[in-house]
Amino acid sequence: MADIFDVIADGTRRDILQLLLDRATGGERGTSVSQIVAALGVSQPTVSKHLKVLREAELVSVREEGQHRYYSLAVAPLDEVDDWLVPFFSIDEENEPALPESAVHAAEVVGRAAASVKHSFSTAFRKLPGR
């Protein structure tokens, strides 16, 4: 599997992830390749190539309905990126901790808990009848 940082380094893949996030936030249960092609204005083979890389990195999941495939964002692998980035946000311009270590840890714990609750709520909401 490719390093997640290599995967998200590509601008087209980031655009696809952003599109999937936006559509999921809007209540969509998946986005087809043709919808991605139309939204981003790139060719179908290009989108398919990038979706393959995103699938292999487990950043997207795919649901098949007949001949159609619908892609959704899988946020769990992005925790690796989050874990790597968080320490950089706790440094101020003079390279000194902007917050006491206990406050940084508390903020990290609260942020992760909030993200987990949001994800659980969103998943449960999508499973409701009529969604």
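Reader: Which residues form a nonpolar patch on the surface?

Author: In this predicted model, the patch consists of Trp84, Leu85, Phe88 and Phe89, which together have about 480 Å² of accessible area. To join a patch, a residue needs over 30% relative accessible area and no salt bridge. Leu85 has a relative accessible area of 31% and is partly exposed.

Reader: Where does Leu85 lie?

Author: Leu85 lies in helix α5, which spans residues 78-89.

Reader: How many salt bridges does the structure hold, and how is such a contact to be read?

Author: The general idea is a side-chain nitrogen of Lys or Arg within 4 Å of a carboxyl oxygen of Asp or Glu. The structure holds four salt bridges. Among them is the pair Glu56 and Lys52, with an N to O distance of 3.6 Å.

Reader: How are Glu56 and Lys52 placed in helix α4?

Author: About one helical turn separates Glu56 from Lys52, because the two residues are four apart in helix α4 (residues 44-56). Glu56 is partly exposed at 47% relative accessible area, and Lys52 is partly exposed at 45%.

Reader: Is Glu64, which pairs with Arg69 in a salt bridge, buried or exposed?

Author: The cut-off for exposed is over 50% relative accessible area. Glu64 has 52% relative accessibility, so Glu64 counts as exposed. Arg69, at 42%, counts as partly exposed. Their side chains meet at 3.8 Å, N to O.

Reader: What is the N to O distance between Arg23 and Glu28?

Author: The side chains of Arg23 and Glu28 form a salt bridge at 3.6 Å. Arg23 is partly exposed at 22% relative accessibility, and Glu28 is partly exposed at 37%.

Methods: Residues are numbered from 1 along each chain as its sequence is written. This is a predicted model: local features need pLDDT of at least 70, side-chain atom pairs count only at pLDDT 80 or more; totals for chains, interfaces and linings use all residues. Side-chain values use heavy atoms; hydrogens and water are left out. Patches are made of residues with over 30% relative accessible area and no salt bridge: like charges are joined within 9 Å, nonpolar side chains (Val, Leu, Ile, Met, Phe, Trp, Tyr) within 5 Å. Accessible areas come from the Shrake-Rupley method with a 1.4 Å probe; for residues, only the protein chains shown count as cover. Buried means under 20% relative accessible area, exposed over 50%, partly exposed in between (1.4 Å probe, protein chains only).
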